[in-house]
Amino acid sequence: MTSIGKKCCSILLFTSLSLYPAIGWSEAMYQISSGELLRFERNLTELRDINDRQSRESATLKNQLRESLAQLTEAKKQSLALQGQLAGLRVTVSEQGSSLQNANRLLKQYEEEEKFRQRKIRRQRNIAYVIAATAIFVAVRNASR
């Protein structure tokens, strides 16, 4: 055989062998009994039902998550508002505390001033008594002479 003939034979052999699986080995065919088919169909139906139920539960959980997130957002807004109010109230309490301390200081100052005034009045009264007693004594003495 010539080299061209050998090449043609090689090509023909290669081509026929490469086509062999496509020709001879098509997709395998299986035979199953009606009981097996029924079991497979039941399993498929059960799996579809489970999938549907889980899909519904997932949708429900997603809705609940959205609602929870909305509630959380609202709670955060309220928390921020309350924190602002709390800060304002703390400032007010601090100011009132300062006012009370100032009022207490002023009351103590007034008390000291009042004590001083009472002592002054007492001293003036005592001096007036001494002067009156001396005047009476002098008047009685001059009247008896």
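A salt bridge here is a side-chain nitrogen of Lys or Arg within 4 Å of a carboxyl oxygen of Asp or Glu. With that cut-off, K115 pairs with E111, their closest N and O atoms sitting 3.9 Å apart.

This is a predicted model, so to speak of its local features takes pLDDT of at least 70, side-chain atom pairs count only at pLDDT 80 or more, and totals for chains, interfaces and linings use all residues. Residues are numbered from 1 along each chain as its sequence is written, and side-chain values use heavy atoms, with hydrogens and water left out.

**Overall picture**

The chain has two helices and zero strands; both kinds of element are DSSP runs numbered from the N terminus (helices are H or I, at least four residues; strands are E, at least two). Helix 2 covers residues 34–144. Of the 145 residues, 0% are buried. Buried means under 20% relative accessible area, exposed means over 50%, and partly exposed is what lies in between (1.4 Å probe, protein chains only). The chain exposes about 13,700 Å², with 61% of it coming from carbon and sulfur atoms. Those areas come from the Shrake-Rupley method with a 1.4 Å probe, and for residues only the protein chains shown count as cover.

**Salt bridges**

Searching the whole structure turns up two salt bridges, listed here.

| Pair | N to O distance | Spacing in helix 2 |
|---|---|---|
| K115 and E111 | 3.9 Å | four residues |
| R117 and E114 | 2.4 Å | three residues |

Each spacing is about one turn of the helix, for K115 and E111 as well as for R117 and E114.

**Surface patches**

Patches are built from residues with over 30% relative accessible area and no salt bridge; like charges are joined within 9 Å, and nonpolar side chains (Val, Leu, Ile, Met, Phe, Trp, Tyr) within 5 Å. For charges, Lys and Arg count as positive and Asp and Glu as negative, while His and the chain ends are not counted. The place of a charge is NZ of Lys, CZ of Arg, CG of Asp or CD of Glu.

R119, K120, R122, R123 and R125 make up a positive patch on the surface. One of them, R125, is found in helix 2 and is partly exposed at 40% relative accessibility.

L37 lies in helix 2 and is partly exposed, with a relative accessible area of 40%.

**A side-chain contact to the backbone**

T73, also in helix 2, is partly exposed at 41%. Its side chain reaches the backbone oxygen of L69 at 2.8 Å.

How values were computed
A polar contact is a pair of N or O atoms within 3.5 Å; within protein, one must be able to donate a hydrogen and the other to accept it, and residues adjacent in sequence count only if both atoms are side-chain atoms.
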